[in-house]
Amino acid sequence: MLYLAIDQHAKQITVCVRNEEGDTVLRRQVSTRPEKIQAFFQQLAEMESEFMAILEVCGFNDWLIETLRKWSCREIVLIHPEKPGKRKTDRRDAHKLADLLWLNRERLAEGQTVHGLRRVYMVSQKEREDRQLTSLRKTLGQRRTRTLNKIHRIINRHNLIWNYPTKTFQTQAGRHWLEKIHLAQIDRLEMNLLLEEWKTCDEQIVQVDEKITERARQVEPGKTLSATQILMTAPGVSHYSGLTLASRIGPIERFPSPRSLANYFGLTPGCHNSGDSPDRLGSITKQGSKIARFILGQLVLHFLKQDPKMRKWYRNIKLRRGSKIARVAVMRRITTVFWHMLTHEEAYSIG
């Protein structure tokens with residue numbers, strides 16, 4: 001068995017290979033050109049047929065993970081990167097990863113937890129595509145909002161908002177009025193471009209929403225409902241929000257308790273305790289998925305409108321701690337409810 005540590009960059013990887021005794025048998029830098037990667041793994045296969053690999057998570061791990069699976073890597077350990085030290089080189093990083101892999105090789109091979117090692121869950125192909133699709137939907141919504149804000153700025157610059165034909169802004173009548181209103185030459189040019197961008201964003205959002213609806217209706221073999229469909233029974237959860245949360249959660253079995261799911265979303269308070277000082281709980285950690293916290297924040301209003309028991313609980317906290325802390329408390333309680341729904345495969349019930 002060989003133990004392969006990889007420090008990955010866009011154009012090269014730095015590798016450190018150790019044998020069963022812990023001795024370094026290979027240390028080199030390899031270009032990420034496909035033919036160079038192919039030659040390196042061919043050399044590795046000639047040295048030993050079985051190997052384990054460890055690497056740090058980054059934005060372009062996908063191709064390397066697929067390559068490791070192609071060459072029948074026994075175990076792929078994906079971890080969070082640590083803070084860089086004052087003396088940092090790629091060779092030092094690879095050597096440190098190799099130490100970490102070799103020292104914990106037995107526990108990692110058996111699938112046991114290694115304390116102090118922040119291992120990253122490797123998503124499936126479907127979960128990766130769902131995450132990419134929902135992130136694209138959020139980006140398109142933000143782009144449309146920025147476009148509408150720029151249109152508002154031109155209207156307010158000339159104090160023309162009082163002549164707008166409808167009470168709400170995003171209407172067909174309002175769009176026709178914006179196309180015909182008299183403006184200065186440069187303002188007219190900018191307005192025409194913004195209207196075209198507005199139209200393009202609407203068309204792209206429709207396409208993405210159709211794809212999200214299609215994927216949200218897919219059910220795994222042997223199950224009556226998917227995780228997305230179970231979450232959609234809760235107040236305010238649409239195809240988009242349900243698929244967003246389900247793809248970020250993944251298999252619910254990897255969260256042993258509701259608190260662990262809340263901690264995964266960054267909704268648990270941080271603490272600064274040392275020595276004889278009393279417990280000092282701070283604000284929430286805000287670690288994990290930002291888009292998941294955004295969706296949960298949007299769901300708070302729907303839960304408070306439709307669930308009287310949740311609304312009463314929220315008001316009690318609001319009187320004691322304020323509205324902001326109460327909203328975060330509701331977000332965490334929603335996460336707890338979702339954990340039970342997915343664990344027991346039950347629909348949401350009011351109260």
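**Close-up 1. Arg137 and its contacts in a predicted model.** Leaving aside neighbours within four places in sequence, Arg137 is in contact with Ile205, Val208, Asp209, Ile212 and Tyr240. The model shown here and in the other views is predicted. Arg137 lies in helix α5. Is this arginine buried or exposed? Arg137 has a relative accessibility of 15%, so it counts as buried, since the cut-off for buried is under 20%.

**Close-up 2. Helix α5 against helix α9.** Helix α9 spans residues 239-249. The two helices pack with their axes 9 Å apart, at an angle of about 135°. That angle makes α5 oblique to α9. The crossing of α5 past α9 is left-handed. Which residues meet here? From α5 come Glu127, Asp130, Arg131, Thr134, Ser135, Arg137 and Lys138. From α9 come Tyr240, Leu243, Thr244, Ser247 and Arg248.

Close-up 3. Helix α9 is mostly covered, with ten of its eleven residues buried.

**Close-up 4. Arg128 in α5.** Arg128 lies in helix α5, which covers residues 125-157. Not counting residues up to four places away in sequence, Arg128 touches Asp62 and Val123. How far is Arg128 from Arg248 in sequence and in space? The two arginines are 120 residues apart along the sequence. In space, their C-alpha atoms are 9.1 Å apart. Arg248 is one of the α9 residues that meet α5.

**Close-up 5. Phe41 and Phe51, a tilted ring pair.** A search of the whole structure finds ten aromatic pairs. In the pair of Phe41 and Phe51, the ring centres are 6.4 Å apart and the planes stand at 40°, so the pair is tilted. This pair links distant parts of the chain. Phe41 sits in helix α1 (residues 34-47), and Phe51 sits in strand β4 (residues 51-56). The two are ten residues apart. Both Phe41 and Phe51 are buried. They also belong to a cluster: ring pairs link Phe40, Phe41, Phe51 and Trp71.

**Close-up 6. Tyr164 and Phe169, a stacked ring pair.** Are these rings stacked or edge-to-face? The planes of Tyr164 and Phe169 are at 10°, so the pair is stacked, as planes under 30 degrees apart count as stacked. Their ring centres are 4.8 Å apart. Tyr164 is buried, with a relative accessible area of 9%. Phe169 counts as buried at 12% relative accessibility.

**Close-up 7. Charged ends over aromatic rings.** Two placements are shown. Over which ring does the charged end of Lys138 sit? Lys138 places its charged end over the ring of Phe294, 5.0 Å from the ring centre. Lys138 is also among the α5 residues that meet α9. In the other placement, the charged end of Arg254 sits over the ring of Tyr121. Here the distance to the ring centre is 4.1 Å.

Notes
Residues are numbered from 1 along each chain as its sequence is written. This is a predicted model: local features need pLDDT of at least 70, side-chain atom pairs count only at pLDDT 80 or more; totals for chains, interfaces and linings use all residues. Side-chain values use heavy atoms; hydrogens and water are left out. Helices (H or I, at least four residues) and strands (E, at least two) are DSSP runs, numbered from the N terminus. Contact means heavy atoms within 4.5 Å. Buried means under 20% relative accessible area, exposed over 50%, partly exposed in between (1.4 Å probe, protein chains only). Rings of Phe, Tyr and Trp (its six-membered ring) pair if their centres lie within 6.5 Å; planes under 30 degrees apart count as stacked, over 60 as edge-to-face and the rest as tilted. A charge sits over a ring if NZ of Lys or CZ of Arg is within 6 Å of the ring centre and within 35 degrees of the ring normal. Axes are lines fitted to C-alpha atoms, for helices over the stretch in contact, and angles run from 0 to 180 degrees between N-to-C directions. Angles under 35 degrees count as roughly parallel, over 145 as roughly antiparallel, 65 to 115 as roughly perpendicular and the rest as oblique. A crossing is left-handed if the near helix is turned anticlockwise from the far one by less than a right angle, and right-handed if clockwise.
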